[in-house]
Each structure stands twice: as structure tokens, then as C-alpha cells.
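Me: Please take a close look at a single part of this model, the sheet and its surroundings. A connected account would be appreciated.

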Amino acid sequence: MSQRYSLRCRGCGAAYPADDRHACERCLGPLEVVYELDGRGDALRRTIESGDGSIWRYWPLLPIDEPRDPGQVGWTPLQRADRLGRQLGLRNLFLKNDTVNPSFSFKDRVVAIAAQKALELGYGTIACASTGNLAGAVAAAAARLGLEAVVFVPSTIEPAKLTAPTVYGAKVVEVDGTYDEVNRLCAQVADERHWAFVNFTLRPYYVEGSKTLLFETAEQLEWRLPDAVVIPVASGALFVNTAKAARELVDAELVRPLRARLFGAQPEGCAPVAAAFDHGEDHYVPVRTPRTIAHSLAIGAPADGNAVLALSRDSGGAVVSADDDAIVAAIRTVAEGEGIFVEPAAGVTLACLARLAREGAIEPDDLVVAYLTGNGFKTPEVVPAPEDRRIRIGARLDDFERAFPQALEVA
Ligand SMILES: Cc1ncc(COP(=O)(O)O)c(C=O)c1O
Ligand SMILES: [Zn+2]
């Protein structure tokens, strides 16, 4: 077992070797990975910069011994968004476009780490409870690495998110229930089958993959932390590990210790953490029946919800929500203005960003990064083509001239 990293309890600090335990033996608290760094500052920066154009360039800060995944996960574009920025009154807005990962969401990052770990620990099957994107990412990673995959999803997920994992060759178990019910079922299955549930059995490793979004963002900004990051929240793992990534970047002397304010974004129809933030509570009240078009964020009892509350406050950020109409409007705005087609989870992020800018929580000169974590081609049903953008004609030029007179031409 590697000495380069080990596990530590987030509750009581107990230390463990890096094996497949996922809860503390003393207090049942969640475990996280801690690293012994070989180098810091310039030396580490040079190692990273000479690495692959993928998440594996951050290998010294990832719990993997020898990457074997042939896929290109991560190193996605950080796109400057001046048109959208002008609309929102923000002069330094960047979009982290994670819609272009191998299975079209940021979940490829977390799964790349967990699937690799499953191989290292000798598992033959990887599995997950998913709100949709994770299922696709698990199935795709299993196909790349020669593993079997079994994915559990609520039967209400979007059609494309149901189809994709079957195409990659996974077995898809559609459960009549909410995500939280699927999750409970999987906890029981994990006890009786020798399968690596990526977001359960291997959770301490899995969540480490979410750090790479901020690692890349900081490097793409020439090694600086943004002033504000807007992050979609479902289980809260991406949020909590963005905070961990910021700490690690500072500890490794890769960036100056600027304070990055972390803002969480939830859909109004499933916003337990935003509601608790609003009421000044330390603990959220679970949402029993989520009602939102943002299915990938529909987790009523997020595992890391209370940690998100604490970390958003500590960082000077907040957790807010946006309704379905604002989500759809945001999807259309970023598609038309910046050429990125996102799914509702990222629509939530953008609608919450607009609200934070409007309310002054994010200021005009802040360097702001919004995480766009999922691709809109998986959820086309939420943005049907407007009639006035479609013209059906015969195949002759005069058919076209009649249907599309010069007067209609867009200047
Ligand atoms: C597209 C997308 N964005 C964000 C999230 C939130 O991730 P987390 O569960 O780490 O909060 C998910 C989770 O499924 C997702 O699918
Ligand atoms: Zn403990």
C-alpha cells in the first residue's frame, strides 16, 4: 500500500491506511485522503505542467498509484464569458465547461479515480446509485477499463440518461423510488455483493476526483484562486471537495492564499441546503419528494449537506436556489450567448449566479467561475425548439425565398 497518502477521519482525526474502508471505526465519521507531498511550489508546478492534458497531471494530489485509464478525463476549457458577463454586470466571468468530458458530465472525474481504485483493490464490478450522470460515467469507465458495471437509478430519470449506460454495456437497475430510496437500497446491496459502489464503498477516493475542477481552474488562471466559485449541489461532494482543493493548493504553495468564496446552487424544488442557509441553521431538513426539472440535483438528503453549510459560511459564500423557469431561461441564455449547451444542473448554477450578481453577493470586479457540470444534449426535452426558429420548405430556391424574405434576415 502506498505511503504517499492515507485516510483520516473528518470527525475525530483517526488515521487509517488507504484501503477500502469508508467510515471511521471509532466514530463512524466520513474518511478523507491526506497526502505526504514530495515537493511544493515551483517544483510541484513544473511536475504538473509537464503532465498529461487530463486529470492525471495532478497525480501528486490524487490517491492513485499508476493511472491506467486510456480515456481523456478532465483538462476541460475555462471559457471567458464576456457577453454573459455584460448581461449579469460581471467583468471577469469564466465558465468551466465540463460538458465535454467523455460521458458529458463532471462525474467522469470522480469515477476515473474510483474505477482505478477498484482495479487496484481487485474488484471486478463497479456499481453506483445515481441521479443520472454518474450511471453514464460508471458505465463508460467500466468499458474503458474492462470492468463490469451495475448502475441503480430512479425510474424517473431522463430518457437519454437511462439509455447511455446500456449502450456502454452496463446493467441498469431502474428503481421505482426517489434517489434517496435508491441510495438506501444500494447500501443494503453493498453489504451482500462484492461490488465496488463508487459513491459508497470507495467514497473517500471517488470524491477526490471533484478536486480536479478547481485544480484545473486555478492552473488555467495562471495559478490563482478565483474570488468566487458557483457550484451545483446534490450530495454536496463537489462543493466540499472544491473547498478541500483550495486548501491543498494553498498548502502545496501552488497559489497565494486568496480567499475563494464558495457559493452553492440548488433547484428550488429540492433545496434543503439553501433553505437551511436562509434560516441560519447548521443542519438541513431533508426534502422527501423533490419536484424539479434538475433531476441530477434531486437529492433530498445530501450526505455532505451540513458540511456544505459550514464551508459556504466559512468561505464568505452562500447557498441559494433557482426555480425551473429561471433554470430553463439560463440554459437558453448561455447557449445563445456563449455557445455552450448545458443540462438543468448547470442551468441551476447559472440562474443562481445571476441571482447572486443581482443581489450584490458577487460584485462586478470579482473573478468569478461557474462550474457547468453536465451537457444539454442529455436533456433536450427541457428546451424544445421555438417555432419561430424553424422553417420547413420545399427543395427549390423560390420556396426558400418565399419562406425567408430578406426582411426576415437577422442583421
Ligand atoms: C451535472 C451534475 N452537476 C452537479 C452534481 C452535484 O454533484 P454532488 O453530488 O457532488 O453535489 C451532479 C450530481 O449528480 C450532476 O450530475
Ligand atoms: Zn472518527
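Reply: Helices (H or I, at least four residues) and strands (E, at least two) are DSSP runs, numbered from the N terminus. The model is predicted: local features need pLDDT of at least 70, side-chain atom pairs count only at pLDDT 80 or more, and totals for chains, interfaces and linings use all residues. Residues are numbered from 1 along each chain as its sequence is written, while chains are lettered from A and ligands numbered from 1 in the order in which they are written.

Six strands form an open sheet of mixed pairing, in the order S4-S5-S13-S10-S11-S12; two strands pair if DSSP finds at least two bridges between them. Strands S4 (78-80) and S12 (318-322) are at the edges with a single partner strand each, so one side of each has no neighbour in the sheet. From one strand to the next, the twist averages 25°, with angles running from 0 to 180 degrees between the N-to-C directions of axes fitted to C-alpha atoms, for helices over the stretch in contact.

Strand S11 (residues 261-267) runs parallel to S12, joined to it by five bridges, and Ala265 stands opposite Val320 in S12. Helix H11 (residues 305-315) lies across S11 and S12, at about 140° to S11; contact requires C-beta atoms, placed from the backbone, within 7 Å. Helix H9 (residues 237-251) lies across S10 (228-232) and S11, at about 150° to S10.

Ligand 1 is surrounded by 18 residues, the closest being Ser235, Ala237, Ser296, Thr373 and Gly374; a residue is near if its C-beta atom, placed from the backbone, lies within 6 Å. Helices H4 (133-145) and H9 are the elements that give two or more residues to this shell.

How values were computed:
Contact = placed C-beta atoms within 7 Å.
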